[in-house]
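Good morning, and thank you for coming.

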Amino acid sequence: AVVSTQSGHYGRGTNEISQEKYRIWKKNIPEENVTLYKIFGSFDTVSAVEFYNAQVNDQYRSVWDKSVSSLYVVDNITNNNEIVYWATKFPFPLQDRDYVFERSHLMNEKSNTIEIASRSITHKSKPIYPTFCRVLKYGSKLVIRADKDLYQKGMSYCLTYYDDFGMPIPNQVKDRLATTKIPEFLDKVHDAAVYLGSTGKLYVPYPQSSASKRN
């Protein structure tokens, strides 16, 4: 079964974890052995396009994200859709993990939003390596909404995320990792986006708008 990352009310079994700068919601999904997290936040010092670029330029992320061991596109499906390999370092005693996932992105200038969606897949060119714990259940959806315009400073976001650790880990440990590592990652995305704004460099093409996609 595939865990849905669509927006919507979680309903029963949902808990809010308080943070100073973020609102984090979680919901345990026992039948899939995963916890679904939803993180809300905003930044007034970067634009939606800068925040987007800081994440999907894999070469640039490999520089600012020190947890990355390897990150690159395996196969381009369309301009807005690609297969990605990602290997990441994890703190001891957890084993380093890797992912193979399909990533899609869409910019809609009418609604002033950019979406990045990822889900785990298998790929013939990326077998399971013994040095990593392959994450077979992974999904995320990031919706970035500009306050005024996609290119002006000021944006908010909602990140929905889950993955399977691939080993038995107490829920308290999962929560501690999620509530520290995810906000820490988003702060790093923000700092990387600030740098992009200061240099005026956008390292990847803008995502194709939904209007042009229909033409």
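This is a predicted model: local features need pLDDT of at least 70, side-chain atom pairs count only at pLDDT 80 or more; totals for chains, interfaces and linings use all residues.

The pattern is β-β-β-α-α-β-β-β-β-β-β-β-α-α. In total, that comes to 4 helices and 10 strands.

Next, how much of the chain is buried? Of its 215 residues, 49% count as buried. The chain exposes about 11400 Å², and carbon and sulfur atoms supply 52% of that area. As for contacts with a separation of 6 or more, 58% of them are between residues 24 or more positions apart.

The largest nonpolar core has 41 residues. Those with the most contacts inside this core are Ile39, Phe51, Ile114, Ile144, Met155, Tyr157 and Leu186. Helix α3, residues 171–199, contributes the largest share of the core, with 8 residues. Another core, of 5 residues, lies apart from the largest one, and among its members are Ile83, Tyr85, Ala87 and Val100.

Leaving aside neighbours within four places in sequence, its contacts include Ala48, Phe51, Ile144 and Asp147.

Ala48 and Phe51 bring us to helix α1, where both are among the buried residues. Why can we describe helix α1 as largely enclosed by the rest of the structure? The reason is that 9 of the 9 residues of this helix, residues 48–56, are buried. The buried residues include Glu50, Asn53 and Gln55.

Finally, I return to Tyr85, one of the residues of the separate core. Tyr85 lies in strand β5, which covers residues 81–88. Is Tyr85 buried or exposed? Its relative accessible area is 4%, and buried means under 20%, so Tyr85 is buried.

Which residues does Tyr85 contact, leaving aside its neighbours within four places in sequence? Among them are Ser70, Leu71, Tyr72, Val74, Asp98, Val100 and Phe132. With Asp98 there is a polar contact, side chain to side chain, at 2.9 Å. Val73 also deserves a mention: Tyr85 and Val73 are 12 residues apart in sequence, while their C-alpha atoms are 6.3 Å apart in space.

Thank you for your attention; I would be glad to take questions.

Note on methods:
Residues are numbered from 1 along each chain as its sequence is written. Side-chain values use heavy atoms; hydrogens and water are left out. Helices (H or I, at least four residues) and strands (E, at least two) are DSSP runs, numbered from the N terminus. Buried means under 20% relative accessible area, exposed over 50%, partly exposed in between (1.4 Å probe, protein chains only). Contact means heavy atoms within 4.5 Å. A polar contact is a pair of N or O atoms within 3.5 Å; within protein, one must be able to donate a hydrogen and the other to accept it, and residues adjacent in sequence count only if both atoms are side-chain atoms. Accessible areas come from the Shrake-Rupley method with a 1.4 Å probe; for residues, only the protein chains shown count as cover. A nonpolar core is a set of buried Ala, Val, Leu, Ile, Met, Phe, Trp, Tyr and Cys residues joined through side-chain atoms within 4.5 Å.
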